[in-house]
Amino acid sequence: MSVHVLLAFVLAAVAVVVSVRWVANRTGLPAAALLPIIGFGYALLPGPNVSLDPDIVLTFVLPPLLYSAALDSSLLGIRRNLRTVVSLSVFLVLLTAVMIGLGFAWFVAGATLAAGIAVGAAVAPPDPVAALGVGRKAGLPPRIVTLIQGEGLLNDATALTILSVAVAAAVDGNFSAPAALGRFVIAAVGGVAVGALMAFAVRLLSRPMSGDPIMANAVSLSVPFAAYLIGEQIHVSGVLAVVVAGLIVGHHTPRSASGAGRLQTSAVWRLVDFLLEGFVFLLIGQQLPAVVRGLGQYETSTIVIAVAITVGSVLLLRPLWLLLTQSLPRSLHTWLGGDRSDGNAETDDGEPLTGREVVALSWAGTRGVISLAAIFTLPLVTDSGEPFPDRDLLLFCTFVVVLVTLVGQGLTFGPLVRALGLSANDNDKARLRNEARSASVEAALVALDDLEAQENDDIQAHVIETMRGQLRTRLARYRSRVALLQSSDPDSLPVSPLYEAGLHVRRVALDAQREELLRWRDSGRLPDEGLRVLERELDHEERLLPDRPVQR
């Protein structure tokens with residue numbers, strides 16, 4: 001493929017990704033489910049195609065996607081639900097891989113246990129991109145979002161480690177359970193250590209660079225690749241290193257990064273996520289026709305049995321495991337994945353998952369790019385020179401699982417969440433935010449009192465009093481909003497005419513300021529450089545306003 005053809009292909013892919021995002025925003029359909037369908041349709045047409053290179057995906061695509069997801073996750077939330085997260089991301093992944101492996105060994109003609117565990121490990125980890133993309137629009141409660149995020153961050157390391165052990169056994173024909181367990185423990189512990197060290201290094205660098213958002217951004221973009229590379233070079237889990245680094249850095253960013261740096265870094269990572277996810281989901285659909293062509297050597301019955309075992313295990317084991325871990329006696333429930341019921345608010349009051357939450361989590365198991373990238377790493381031949389057992393069949397089974405879950409579960413997850421009545425309480429969320437705003441303003445007023453006691457300068461006192469008046473006005477507005485939220489229907493956000501009028505006035509004022517600045521620029525009185533500086537000031541003011549239309 002020539003450079004010009006490749007460029008045209010990339011531009012066309014960007015156009016498709018943007019168009020699908022536009023359609024998804026207006027229809028509610030998940031883009032992660034629509035893009036593979038479009039990719040599959042394109043692959044059937046004459047013209048150039050791009051193959052899914054697993055090494056490129058694992059090295060250049062997976063680390064930034066995982067790191068960005070980790071930055072947006074809640075380390076405290078995952079720690080509060082750690083047992084449930086570990087239950088899903090470690091025990092369930094291991095169970096899925098073993099059950100599919102046994103199914104292949106028992107029922108698929110000519111298949112080996114190692115090959116079955118390999119495909120089981122590839123399809124075991126859910127990819128939360130589609131589920132969260134739909135679930136957030138449907139208003140999933142924060143606890144369910146945290147569980148899906150935490151599982152999606154940690155299960156990849158588990159699955160890829162199991163896959164490497166299974167592939168090694170299939171290639172050399174030897175398998176030792178103790179050796180496999182030891183390798184898994186070393187990879188996991190080493191990955192956590194590398195991630196923690198990388199996060200510590202980022203924290204050291206962040207302070208001297210906090211005044212330069214461009215430098216901070218460059219470091220942020222480099223961290224996932226560095227963590228992954230170091231982890232893989234010393235033969236531990238690079239995926240887990242990326243996740244741990246992202247969780248720790250994201251937790252400490254509010255203290256270590258400047259406001260300008262956080263705004264710019266957040267915008268850059270949103271763009272990276274949007275483009276990478278779009279390209280990868282398009283590529284997923286494009287690979288299927290080539291995989292189907294490799295199935296000519298198998299009997300139809302063999303293909304049907306293999307697909308049924310893989311898809312059935314993925315769809316059935318997840319709800320069964322969730323039901324098991326939530327219905328066991330308290331002591332076993334705690335050990336296998338429940339939260340301790342110790343009355344501590346930090347453990348979500350020790351409440352196990354409700355039936356509706358179990359159903360939602362069961363249907364949030366969409367598989368995606370991780371599964372395909374993992375299965376494509378299977379070698380072509382073993383150490384003896386023989387073809388890797390059933391490689392084409394394993395690839396096809398993985399594709400079917402990805403498409404069934406992405407399209408089937410992805411398209412139905414939103415309606416399911418709404419039918420279950422699982423939605424975050426917007427009133428409670430708004431009240432908590434305004435209470436936190438009030439607390440922060442009160443802290444600022446106390447700081448001004450302390451500063452006034454230390455300063456005797458009349459000008460300083462005048463400046464302090466001016467700032468105190470602004471803060472008191474803001475505090476009164478926040479307290480008024482809290483009172484309105486507390487007295488209103490808890491299931492709906494109240495509309496305050498005064499608050500909405502204030503938003504309308506502020507937006508009208510900002511628009512008028514922008515128009516006047518443009519008139520100055522167009523008349524030659526203000527250079528473009530000055531216009532951009534002043535526009536940036538107005539843009540930051542606008543960012544303080546709610547991201548919704550004013551209700552008039």
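This is a predicted model: local features need pLDDT of at least 70, side-chain atom pairs count only at pLDDT 80 or more; totals for chains, interfaces and linings use all residues.
## Helix axes and what they describe

Axes here are lines fitted to C-alpha atoms, for helices over the stretch in contact, and angles run from 0 to 180 degrees between N-to-C directions. Two packed helices are then described by the angle between their axes and the distance between the axes.

## H13 against H15

Helix H13 covers residues 300-327 and helix H15 covers residues 355-362. The two pack at an angle of about 150°, and their axes lie 9 Å apart. Because angles over 145 degrees count as roughly antiparallel, H13 is roughly antiparallel to H15. The crossing of H13 past H15 is right-handed.

Which residues of H13 and H15 meet? From H13 come Arg318, Pro319, Leu322, Leu323 and Gln326, while H15 brings Val358, Leu361 and Ser362. Sorted by class, this contact of H13 with H15 has five nonpolar residues, two polar ones and one charged one.

## H15 against H17

H15 also packs with helix H17, which spans residues 391-420. Here the angle is about 170° and the axes are 10 Å apart. That angle makes H15 roughly antiparallel to H17.

On the H15 side, the contact is made by Arg356, Val359, Ala360 and Ser362. By class, the residues of the contact of H15 with H17 divide into five nonpolar, two polar and one charged.

## The cavity

How many cavities of 30 Å³ or more does the structure hold? It holds one, and the space in the largest cavity is about 30 Å³.

Its lining consists of Leu92, Thr96, Ala124, Pro126, Val314, Arg318 and Arg367. Helix H5 (82-107) and H13 each supply at least two of the lining residues. By class, the lining has four nonpolar, one polar and two charged residues.

Note on methods
Residues are numbered from 1 along each chain as its sequence is written. Side-chain values use heavy atoms; hydrogens and water are left out. Helices (H or I, at least four residues) and strands (E, at least two) are DSSP runs, numbered from the N terminus. Angles under 35 degrees count as roughly parallel, over 145 as roughly antiparallel, 65 to 115 as roughly perpendicular and the rest as oblique. A crossing is left-handed if the near helix is turned anticlockwise from the far one by less than a right angle, and right-handed if clockwise. Contact means heavy atoms within 4.5 Å. Ala, Val, Leu, Ile, Met, Phe, Trp, Tyr, Cys and Pro count as nonpolar, Asp, Glu, Lys and Arg as charged, and the others, Gly among them, as polar. On a 1 Å grid over the protein atoms alone, a cavity is a set of points where a 1.4 Å probe fits but cannot get out, and a pocket is an open set with protein on both sides within 12 Å along at least five of seven lines; lining residues have an atom within 4 Å of a point. Grid points are joined across faces, edges and corners, and a volume is the space filled by probe spheres set on the points.
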